Amino acid sequence: MTGLGWLKRGINLGRHNPKAIFGGAVLVAIGALLPGLLQLMLLGMVGDSATGQLVVMGVSTVASIVLMSLLVGGYIRVIHATEQGHPAAPTDVLGPFRAGQGGARLVQFGVLLVLVYLVLASAVILLVGKGFIEWYMQVMALSQRGGAPDPNAMPALPEGFGSVMGLGFLMAMFLGGVYSIGFGQVALTGRSLGGALKDGLAGTLKNLLPLLLLAVLSMLALIAVALVIGLVVTLLALLGNLVHPALGMLLALPVYLALLLGIYVVMFGVMYQIWRDVAGDVPPPVAPPAVGTHVEL
């Protein structure tokens, strides 16, 4: 049941310093949007050139890896400071962008994890994903034509599609553990890249059942929250449309932004809690004694 504890503590993350936790999450969310905006701008410049589009995708991917590695490292440090009762500000998320703050090592580890992901994903596709690459390229080609795709033109699902999705879920769960432990080691302890990756792999293998429970609970919680948010947004849109359609969108937008912000806080909070219990030098919080229990001081 450790996975449930990680999720609960991730949800309760902002209780010590909500300004730093939620303000830092806003900066991370903004940073996550920037590579996508860059990609849209560059795609408009290259037009229909297939080579240009590939170059743009490569540039935006590299920008995303670099930017998010720095921001996530800074945000983990903010979380660690608040959990230890130390002063922290939202702008501390930007600490790794300054010289001497370990930013290069964070980026290097981010690149290393991407390479691990590519190796594992390639292995899954080669083992059970016959025809998956061809199907994916056809879907991408249809999506680039613009407009709503014709359902009759969509290619049939390849053989082994379900196996790829199932193994992909397990791979994502496994890499989530490696990412949480390894990135925490690099950002908070100064561990070497190889040592951090080794710690991430070993710690994940030793905690597969808690990570599996965490993945299942997270999916169920996200579905439940999405349903509630969907109902709230629908109600706000209906009320706003009574006045003007733009008002409906204006009322629904803060709800979507709050959901996105909450997901970021919980996601990185859980990531920190995994590192803390598995590899960190900070003991996990101890439950208070039950009422009536004698505690000897």
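Colleague: Where in the chain does Leu94 lie?

Modeller: Leu94 sits in the loop between α3 and α4. Those helix labels come from DSSP runs numbered from the N terminus (H or I, at least four residues, for helices; E, at least two, for strands). Before we go on: this is a predicted model, in which local features need pLDDT of at least 70 and side-chain atom pairs count only at pLDDT 80 or more, while totals for chains, interfaces and linings use all residues. Residues are numbered from 1 along each chain as its sequence is written, and side-chain values use heavy atoms, with hydrogens and water left out.

Colleague: Why is Leu94 called partly exposed?

Modeller: Its relative accessible area is 36%. Buried means under 20%, exposed means over 50%, and partly exposed is in between (1.4 Å probe, protein chains only). So Leu94, at 36%, is partly exposed.

Colleague: And which residues does Leu94 touch, not counting residues up to four places away in sequence?

Modeller: Leu94 touches Leu27 and Leu71, where contact means heavy atoms within 4.5 Å.

Colleague: What makes Ser69 buried?

Modeller: Ser69 has a relative accessible area of 4%, so it counts as buried. This serine lies in helix α3. Beyond its neighbours within four places in sequence, Ser69 is in contact with Ser64, Leu106, Val107, Gly110 and Phe183.

Colleague: How do you know whether Ser60 is buried or exposed?

Modeller: By the number again: Ser60 has 4% relative accessibility and therefore counts as buried. Ser60 also lies in helix α3. Leaving aside its neighbours within four places in sequence, Ser60 is in contact with Pro35 and Gln39.

Colleague: Let's turn to helix pairs. Why are α6 and α8 called roughly perpendicular?

Modeller: Look at the axes, which are lines fitted to C-alpha atoms over the stretch in contact, with angles from 0 to 180 degrees between N-to-C directions. For α6 (residues 161-189) and α8 (residues 208-241), the axes come within 10 Å and cross at roughly 115°. Angles under 35 degrees count as roughly parallel, over 145 as roughly antiparallel, 65 to 115 as roughly perpendicular and the rest as oblique. The two helices are therefore roughly perpendicular. On the α6 side, Phe169, Met173, Phe174 and Gly177 meet α8 residues Leu208, Leu211, Leu212, Ala215 and Met219.

Colleague: At what angle do α6 and α7 cross, and what is their arrangement called?

Modeller: The axes of α6 and α7 come within 8 Å and cross at roughly 140°. That makes α6 oblique to α7. Among the residues that meet here are Phe174, Val178 and Ile181 in α6, with Leu193, Ala196 and Leu197 in α7.

Colleague: Which residues touch the most other members of the largest nonpolar core?

Modeller: Val28, Val72, Tyr75, Ile79, Phe109, Phe183 and Phe268 do, out of 38 residues in that core. A nonpolar core is a set of buried Ala, Val, Leu, Ile, Met, Phe, Trp, Tyr and Cys residues joined through side-chain atoms within 4.5 Å. Helices α2 (18-46), α3 (50-83), α4 (103-128), α6, α7 (193-206) and α9 (245-278) each supply at least two of its residues. The most come from α3, which gives nine. Apart from this core lies another, of nine residues, including Trp6, Leu7, Met173 and Val270.
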